[in-house]
Amino acid sequence: MSEPTTYDTLRAFADSWMLLAMFLFFLGVVLWVFRPGSKKLSDEAARIPLDED
């Protein structure tokens with residue numbers, strides 16, 4: 001039986017740990033966006049293009 005190739009190793013990593021890492025990153029971003037107090041900051045950032053100096 002031959003040794004697993006680099007592709008097989010990377011594919012197994014992507015199917016397991018990388019999927020978990022991407023899910024945790026997504027969950028972190030969602031929690032960060034919907035944290036208390038972020039509405040005011042989001043509204044200020046949304047008005048930046050409309051500000052005239």
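Analyst: Happy to! A helix here is a DSSP run of H or I with at least four residues, numbered from the N terminus. Ser38 lies in one of these, helix α2, which covers residues 38-47. Keep in mind that this is a predicted model.

User: Why is Ser38 called buried?

Analyst: Buried means under 20% relative accessible area. Ser38 has 7% relative accessibility, so Ser38 counts as buried. Leaving aside neighbours within four places in sequence, Ser38 is in contact with Trp32 and Val33.

User: What makes Asp15 and Arg11 a salt bridge?

Analyst: The rule asks for a side-chain nitrogen of Lys or Arg within 4 Å of a carboxyl oxygen of Asp or Glu. The closest N and O atoms of Asp15 and Arg11 are 3.1 Å apart, so the pair qualifies. Both residues lie in helix α1 (residues 6-33), four residues apart, or about one turn of the helix.

User: What makes Glu44 and Lys40 about one helical turn apart?

Analyst: They are four residues apart in helix α2, which means a separation of about one helical turn. Glu44 forms a salt bridge with Lys40, with the closest N and O atoms 3.9 Å apart.

User: How many salt bridges does that rule give?

Analyst: The count comes to three.

Note on methods
Residues are numbered from 1 along each chain as its sequence is written. This is a predicted model: local features need pLDDT of at least 70, side-chain atom pairs count only at pLDDT 80 or more; totals for chains, interfaces and linings use all residues. Side-chain values use heavy atoms; hydrogens and water are left out. Helices (H or I, at least four residues) and strands (E, at least two) are DSSP runs, numbered from the N terminus. Buried means under 20% relative accessible area, exposed over 50%, partly exposed in between (1.4 Å probe, protein chains only). Contact means heavy atoms within 4.5 Å.
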